[in-house]
Amino acid sequence: MRNSIQAYAHLVLTFVREINDWRDEYDPGTNEWLTLCALSEAAEQLALSVTDHPQPTTRPGSPHARTLDALFTAFSTRNRPMGTITCGSCGTGQFQARPDAVFACDTCPNTLHAQNLNLDSGEMWAVDTSGTLGKVTDPDHTHQAMTAALSAWLTADDPYTERRALIEFHATALDLHTALAAGIPFPTGNRRERS
């Protein structure tokens, strides 16, 4: 009986190592994925507690360290593009900046003034390096969302909630990175609205 428990514990640790490897290559952030990761972490602890000679997984450190490592690696290697603003007249063109502070569609003669943009709450317009008009999440909004996600992570009492908070933090950090890369300043508390 003891030998079969040992064999199953080693098999579980093999699966845990495989799931840990997947975390580096594939992390969609779905509820199912988070459940699989939480199950893997719990199974790892259980398997290590029943083996005669615990075998560490291929990735040392706590689940927190693994998650934070993956978060910072993903943040440093991914860029989120600006949201596109498509011409309402032709339905396909994008707007290009002109010297007269007007945006012109690159497919039809339609033009657009910045004050006529109809953006969702929490969005701002920006122009990328090629002169194309786009939209980004307002850094004030992302800063607040990052603060809330960090608070949720620090007060979480289970791996699922921790991971959900880190995914939210990561997503909003990418939004902030996109806005800063587009030249939108970091929130200082006294920034005026752009016209």
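This report describes the cysteines and the strand pairing of a predicted model.

## Cysteines

The structure holds 0 disulfides. C87 accordingly takes part in none, and its nearest cysteine sulfur, that of C108, lies 3.7 Å away. A disulfide requires two cysteine sulfur atoms within 2.5 Å. In general terms, such a link is a covalent bond between the sulfur atoms of two cysteines.

For C90, the closest cysteine sulfur belongs to C105, at 3.7 Å, which is too far for a bond.

An open sheet is formed by 3 strands, arranged in the order β2-β3-β4, with antiparallel pairing. At its edges stand β2, residues 95-97, and β4, residues 111-113, each of which pairs on one side only. From one strand to the next, the twist averages 35°.

Strands of a sheet pair through backbone hydrogen bonds, in either a parallel or an antiparallel sense.

## Pairing of β2 and β3

Strand β3 covers residues 102-105. Its antiparallel pairing with β2 extends over 3 bridges. Which residue of β3 stands opposite Q96? The position opposite Q96 is taken by A104.

How values were computed
Residues are numbered from 1 along each chain as its sequence is written. This is a predicted model: local features need pLDDT of at least 70, side-chain atom pairs count only at pLDDT 80 or more; totals for chains, interfaces and linings use all residues. Side-chain values use heavy atoms; hydrogens and water are left out. Two strands pair if DSSP finds at least two bridges between them. Helices (H or I, at least four residues) and strands (E, at least two) are DSSP runs, numbered from the N terminus. Axes are lines fitted to C-alpha atoms, for helices over the stretch in contact, and angles run from 0 to 180 degrees between N-to-C directions.
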